[in-house]
Amino acid sequence: MISAIQNVITSPAIASIAQNTNQALIVETTLKAIGRPGFILMDGDISKDTKKYAATKELLYQAICLLVYMTLVVPVFKRGAFKMAKNSKMFNKFDDAKALEKFKSADEVLNYHKLTERSPAEKQKAIKKDKYKSLHDDLLKNLTDTDKSEKYPLIKGVVELGNIVGSVLGLAILAPQVSHAIIHPALRFLRLEKKKEPEIMTENKLDIQI
Amino acid sequence: MAKAQLLKQLCISLGKNNKPTYAVMTIAAVKGICRPAFTMMDKTEEPETKKYTALREGLTEVIAIPTYYALGEAAPKLAAKMPKELQTMAKKNLMFLGVCIAAVFAIPALCSIAIKPLMDKIQNNNKKSKSIDVNILSLMSAPQITSTGNPIIKPSRLSTFSSAKIITGMKVGGV
């Protein structure tokens, strides 16, 4: 049992998820989508209908966040930051940025970085996979020849900065607006919410004369 | 050029060690500013409802930011018990685990415990200041009198919004 926990805690796969903003946020949002409605349903202090309503609303909100994030934010900002850096004259003046030419896409940067964290034996095994075969010769040499591969932190950082900016815009601004537009019609469709009736103003009726 | 250097340093630092707390804390901070602002801009809601919702959204994020930080920074300390060669990897993984625990358990639990008393306190303070205003106004203006000589008493408009809403469970969604 203890060794199983130790294996999870020291797993390189989990470490690479933790170091990748997109993957970390996808895992976190998925956990929220499962965990939070679950806890609402377990709450013994509220009525059954309220629990059902609140849990559905929370599930819908997290699911919409996840959908918006995966379909819009991840591809646009991750790829956008990489392309911007590649075409930026200011950025290309830095010596460390010259390695950008060796990478074809943001995914390639992240895949390469993931491998640099692995042991030499694991690297040798992984580079035989199709997705690593298209890597630049210098990058493949880095992975095979040396125990400690060059990690190109500036290039990885550019992709991560794009991910963070996209995540903030997507999860803090865009997703709540999209979910605001979708959640209430969806709840009405599921018959968990009734349409609001217009209120009649009765201000004059409240004036009392003695 | 200074800005370019700053951007370069930021990227290098993120490339070397991109802590999961960076993204979640930034998201919480932006949510804490934008969501109450969006709520206050909503023209379809009652002003009192808007104030209540905005305050609640702001408080949720105020609780979320230190919780993410505390659990994200505290969890890696457990890695000290691991063998030395595994500590670096364990620190990264435990930080991520801390952030997940904060998001799924700690923040909803803390919000359930802290938000209601905080909201009550803030709203009671507002009520007290409002009641003082009303008393001053009533002292300053003389009552209107009808033709029969009886005073007309106009009570303040009844508020249909109950500030003492029952808050149970965790804060649900952003809507």
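Y152(A) sits in the loop between α9 (137–145) and α10 of chain A. In this predicted model, its backbone has a positive phi of about 45 degrees, although Y152(A) is not a glycine. Most residues other than glycine have a negative phi. Is Y152(A) buried or exposed? A residue is called buried if 20 or more other C-beta atoms lie within 10 Å of its own. Y152(A) has 23 such atoms within 10 Å, so it is buried.

Now compare R191(A). Its phi is also positive, about 60 degrees, and R191(A) is not a glycine either. R191(A) lies in the loop between α10 and β1 of chain A. A residue with 12 or fewer neighbours counts as exposed. R191(A) has 7 other C-beta atoms within 10 Å, and is therefore exposed.

Along the sequence, the order is α-α-α-α-α-α-α-α-α-α-β. The C-alpha atoms fill a box of roughly 95 × 55 × 30 Å, taken along the principal axes. What is the radius of gyration of chain A? The value is 25 Å, while a compact globule of 210 residues would have one near 17 Å. Buried residues make up 35% of the 210 residues in the chain. Contacts also reach across the sequence. Among those between residues at least 6 apart, 72% join residues at least 24 apart.

Next, look at two helices of chain A. Two packed helices are described by the angle between their axes and the distance between the axes. The axes of α3(A) and helix α10 (residues 153–189) come within 9 Å. They cross at roughly 35 degrees. Which residues make the contact? From α3(A) come T21(A), N22(A) and L25(A). From α10(A) come E160(A), N163(A), I164(A) and S167(A). By class, two of these residues are nonpolar, four are polar and one is charged.

V74(A) is in helix α4 (residues 48–87) of chain A. V74(A) touches N22(A) and Y69(A), leaving out residues up to four places away in sequence. V74(A) is also 51 residues from Q23(A) in sequence, yet their C-alpha atoms are 9.6 Å apart in space. Is V74(A) buried or exposed? It has 21 C-beta neighbours inside 10 Å, so V74(A) counts as buried.

For a contrast, take S119(A). This residue is in the loop between α6 (106–116) and α7 (120–126) of chain A. S119(A) counts as exposed because it has 10 C-beta neighbours inside 10 Å. S119(A) and L192(A) are 73 residues apart in sequence. In space, 53 Å separates their C-alpha atoms.

Now bring in chain B. Its secondary structure comes to four helices and two strands. Their order along the sequence is α-α-α-α-β-β. Of its 175 residues, 29% count as buried. Of the contacts in chain B with a separation of 6 or more, 68% join residues 24 or more positions apart.

In soluble globular proteins, nonpolar side chains tend to be buried together. The largest nonpolar core here has 62 residues. Which members touch the most others? They are V109(A), V158(A), F96(B) and V99(B). V99(B) has a contact in chain A, with E28(A). Within chain B, V99(B) touches P20(B), T21(B), V24(B), Y68(B), L71(B) and G72(B). Residues up to four places away in sequence are not counted there.

Last comes confidence. The model scores ipTM 0.82 and pTM 0.78. The mean pLDDT of chain A is 85, and 92% of its residues reach 70 or more. Chain B averages 79, with 73% of its residues scoring at least 70. Where is confidence highest and lowest in chain A? Helix α3 (residues 21–42) has the highest mean, 92. Strand β1 (residues 208–209) has the lowest, 44.

Two stretches call for care. In chain A, pLDDT stays under 50 over residues 202–210, for which the model has twelve contacts beyond four places in sequence. In chain B, pLDDT stays under 50 over residues 155–169, with 22 contacts beyond four places in sequence. Where pLDDT is low, the predicted coordinates should not be read in detail.

Conventions: Residues are numbered from 1 along each chain as its sequence is written. Chains are lettered from A and ligands numbered from 1 in the order in which they are written. This is a predicted model: local features need pLDDT of at least 70, side-chain atom pairs count only at pLDDT 80 or more; totals for chains, interfaces and linings use all residues. pLDDT is the predictor's confidence in each residue, from 0 to 100. Two residues are in contact if their C-beta atoms, placed from the backbone, lie within 7 Å. Axes are lines fitted to C-alpha atoms, for helices over the stretch in contact, and angles run from 0 to 180 degrees between N-to-C directions. Ala, Val, Leu, Ile, Met, Phe, Trp, Tyr, Cys and Pro count as nonpolar, Asp, Glu, Lys and Arg as charged, and the others, Gly among them, as polar. The radius of gyration is taken over C-alpha atoms; the globule rule is 2.2 Å times the number of residues to the power 0.38. A nonpolar core is a set of buried Ala, Val, Leu, Ile, Met, Phe, Trp, Tyr and Cys residues joined through C-beta atoms within 7 Å.
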